[in-house]
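The sequence and the model come first.

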Amino acid sequence: MATDELSSKLNRRLQIEEGEHEPVALDEAHENGAHEKTATVSADSELGAKLQRRGELNEGVGEHQQPSMKVFNPYTEFKEFSRKQIKDMEKMFKQYDSEKDNFIDLMELKLMMEKLGAPQTHLGLKNMIKEVDEDLDGKLSFREFLLIFRKAAAGELAEDSGLHVLARLSEIDVSTEGVKGAKSFFEAKVQAINESNRFEAEIRQEQEEKKREAEERKTRQAAFKELKSAFK
């Protein structure tokens, strides 16, 4: 009996040492714990990488950083044109920006040139955009649209180029300059650069016009009230 019990204990000990019994569960638990620890370390590393990436983006270091959006003021950047001229250019730009995304793409430019009576080939339209497409996005922003008229005023456009045709055929305040040809129009614009106080004078003029319109509205409202009270 004692011999059988001793033999059983020895077999039990051998099974434990050979990993065929309960310690196996302990080893499995240890292994599972190791996997969990590894997974935790991996998750911590991934989180740390994301936080580091976010920090790089905030500091403008990452590859996918968004370009800084600079405020574009056409009145200060394009001083060779009057405020009224720029507003008319903006009106023309918005007229052909059919998708209302603040850009004129190739198809919208195609429609513009057709409306101006100077249709262009597909390659011609691409070359027109390429000549002023500073950010290489394949379309015209309002600033790039203004560059067309700046280049025309500076004589930087070939006379047979699509952009020169666009500038020549546009009807932007030509009559207010007292000239009929585009050449005289652009010469007048260049000469206006020397008028240092022109910008301030135009602002004052706009303010006076708004003030006058407001006074006229008040006068009409007062007259309407008097007329209304007369029928009571």
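**How the helices meet**

Helices here are DSSP runs of H or I with at least four residues, strands are runs of E with at least two, and both are numbered from the N terminus. The axes of helix 5 (residues 106-115) and helix 8 cross at roughly 55° and come within 10 Å. Axes are lines fitted to C-alpha atoms, for helices over the stretch in contact, and angles between N-to-C directions run from 0 to 180 degrees. This crossing is left-handed: the near helix is turned anticlockwise from the far one by less than a right angle, whereas clockwise would be right-handed.

This is a predicted model, where local features need pLDDT of at least 70 and side-chain atom pairs count only at pLDDT 80 or more, while totals for chains, interfaces and linings use all residues. Residues are numbered from 1 along each chain as its sequence is written, and side-chain values use heavy atoms, without hydrogens and water.

Helix 8 also meets helix 6. Helix 6 (residues 122-132) and helix 8 (residues 162-169) pack at about 85°, with axes 8 Å apart. That makes helix 6 roughly perpendicular to helix 8. Met128, Glu131 and Val132 of helix 6 touch Gly162, Leu163 and Leu166 of helix 8; contact means heavy atoms within 4.5 Å.

Now turn to helix 4. Helix 4 (residues 83-96) and helix 7 (residues 142-153) pack at about 120°, their axes 10 Å apart. That makes helix 4 oblique to helix 7. Helix 4 passes helix 7 in a right-handed crossing. Ile86, Met89, Glu90, Met92 and Phe93 in helix 4 meet Phe142, Phe145, Leu146 and Phe149 in helix 7.

Helix 4 holds a charged pair too. Lys84 forms a salt bridge with Asp88, their closest N and O atoms 3.6 Å apart. A salt bridge is a side-chain nitrogen of Lys or Arg within 4 Å of a carboxyl oxygen of Asp or Glu. Lys84 and Asp88 are four residues apart in helix 4, so about one helical turn separates them. The whole structure has eight salt bridges.

Finally, look at two spans. Over residues 84-119 the chain is 64% helix and 0% strand, with end C-alpha atoms 28 Å apart. Residues 120-155 are 64% helix and 0% strand, and their end C-alpha atoms lie 21 Å apart.

Terms used
Parallel < 35°, antiparallel > 145°, perpendicular 65-115°, else oblique.
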